[in-house]
Amino acid sequence: MPTLLLTGFEPFHTHPVNPSAEAAQSLDGLALGGLEGGGVRVQSALLPVEPYAAGEALRALLGTHRPDAVLLTGLAAGRPQVTLERVALNVMDFVIPDNAGQTYRDAPACPDAPAPAAYLSTLPLREVLAAWREAGIPGDISNTAGLYVCNYVLYHALHTLARAGRAHVPCGFLHVPANPEVALAVPGDRPALPYLPQGEITRAVRVAAETLARRLERVAYAGGRSRPSLS
């Protein structure tokens with residue numbers, strides 16, 4: 001069965017939980033689609049909030065599972081709705097320390113040569129937006145994934161796939177807003193965070209994953225295969 005790799009991040013900074021992790025864990029093992037007995041299996045994993053450790057873990061996941069699609073997710077506390085990232089930049093510039101206590105300023109995310117300045121998401125962005133709207137989920141496309149670990153793993157996922165000759169694999173990043181636990185942890189003297197119930201965050205991630213599964217099945221059947229496989 002084809003595989004969709006779904007990642008979330010561990011908690012970081014002052015946030016007691018990470019809603020991207022909760023969504024990924026909830027959807028682990030889920031079978032999506034299923035034309036004529038086929039389908040796409042969700043394989044979930046959590047990444048550390050430290051760039052080099054996250055990159056190493058991600059490369060191992062891509063090598064082990066050889067997924068047919070990759071959906072990376074993370075928390076963007078302060079955003080009011082789910083957002084799809086359009087681009088990953090070859091830059092690290094941290095406003096807050098990572099979970100190893102490190103910060104980076106104007107540093108390359110990938111110093112290897114040649115490494116492009118940027119990669120564009122290969123997800124069907126407009127299809128996902130349309131699916132969210134049909135499901136009653138507000139969402140948008142973001143033109144900046146930030147320059148923190150989220151941007152780093154998006155860049156490295158696309159770079160790793162491209163170097164392996166697998167640039168055809170749909171891959172991109174979805175940022176989720178705070179959930180109630182994250183919002184409630186904000187001190188009273190700080191501005192309140194917009195948030196969504198965790199169930200709605202998980203539903204948004206699932207709808208995005210289902211959209212990817214349908215895309216994989218359309219491509220596979222158009223190519224005359226009895227089961228979807230883009231590996």
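A: H15 is buried, at a relative accessible area of 14%. Buried means under 20% relative accessible area, exposed means over 50%, and partly exposed lies in between, using a 1.4 Å probe and protein chains only. This is a predicted model, in which local features need pLDDT of at least 70 and side-chain atom pairs count only at pLDDT 80 or more, while totals for chains, interfaces and linings use all residues. Residues are numbered from 1 along each chain as its sequence is written, and side-chain values use heavy atoms, with hydrogens and water left out.

Q: Where does H15 lie, and what is H15 in contact with?
A: Contact means heavy atoms within 4.5 Å. Leaving aside neighbours within four places in sequence, H15 contacts L75, A77 and V182. H15 sits in the loop between β1 and α1. Helices (H or I, at least four residues) and strands (E, at least two) are DSSP runs, numbered from the N terminus.

Q: Which residues lie nearest the centre of the largest pocket?
A: First the idea. The search runs on a 1 Å grid over the protein atoms alone; a pocket is an open set of points where a 1.4 Å probe fits, with protein on both sides within 12 Å along at least five of seven lines, and lining residues have an atom within 4 Å of a point. Here F12, H13, H15, A77 and I96 lie nearest the centre, out of 30 lining residues. The pocket holds about 730 Å³ of space. A volume is the space filled by probe spheres set on the points, which are joined across faces, edges and corners.

Q: How does the lining of the largest pocket divide by class?
A: Ala, Val, Leu, Ile, Met, Phe, Trp, Tyr, Cys and Pro count as nonpolar, Asp, Glu, Lys and Arg as charged, and the others, Gly among them, as polar. The lining has 20 nonpolar, seven polar and three charged residues.

Q: How do I read a nonpolar core?
A: In soluble globular proteins, nonpolar side chains tend to be buried together. A nonpolar core is a set of buried Ala, Val, Leu, Ile, Met, Phe, Trp, Tyr and Cys residues joined through side-chain atoms within 4.5 Å. The largest core here has 38 residues, and F9, V70, L72, V149 and V153 touch the most other members. Elements giving two or more residues to this core include β1 (3-9), β4 (69-75) and α4 (149-163). α4 gives the most, with nine residues. Another core, of 31 residues, lies apart from this one; L32, A69, A208 and L212 are among its members.

Q: How many salt bridges are there?
A: A salt bridge is a side-chain nitrogen of Lys or Arg within 4 Å of a carboxyl oxygen of Asp or Glu. By this rule there are seven. One of them joins E85 and R79, at 2.7 Å from N to O. E85 counts as buried, at 0% relative accessibility.

Q: Which parts of the chain does the bridge between E127 and R218 tie together?
A: The closest N and O atoms of E127 and R218 are 2.9 Å apart. E127 is in helix α3 (residues 125-134) and R218 is in helix α6 (residues 198-222), so the bridge ties parts 91 residues apart in sequence. E127 is partly exposed, at 26% relative accessibility. R218 is also partly exposed, at 44%. E127, R215 and R218 form a network of salt bridges.
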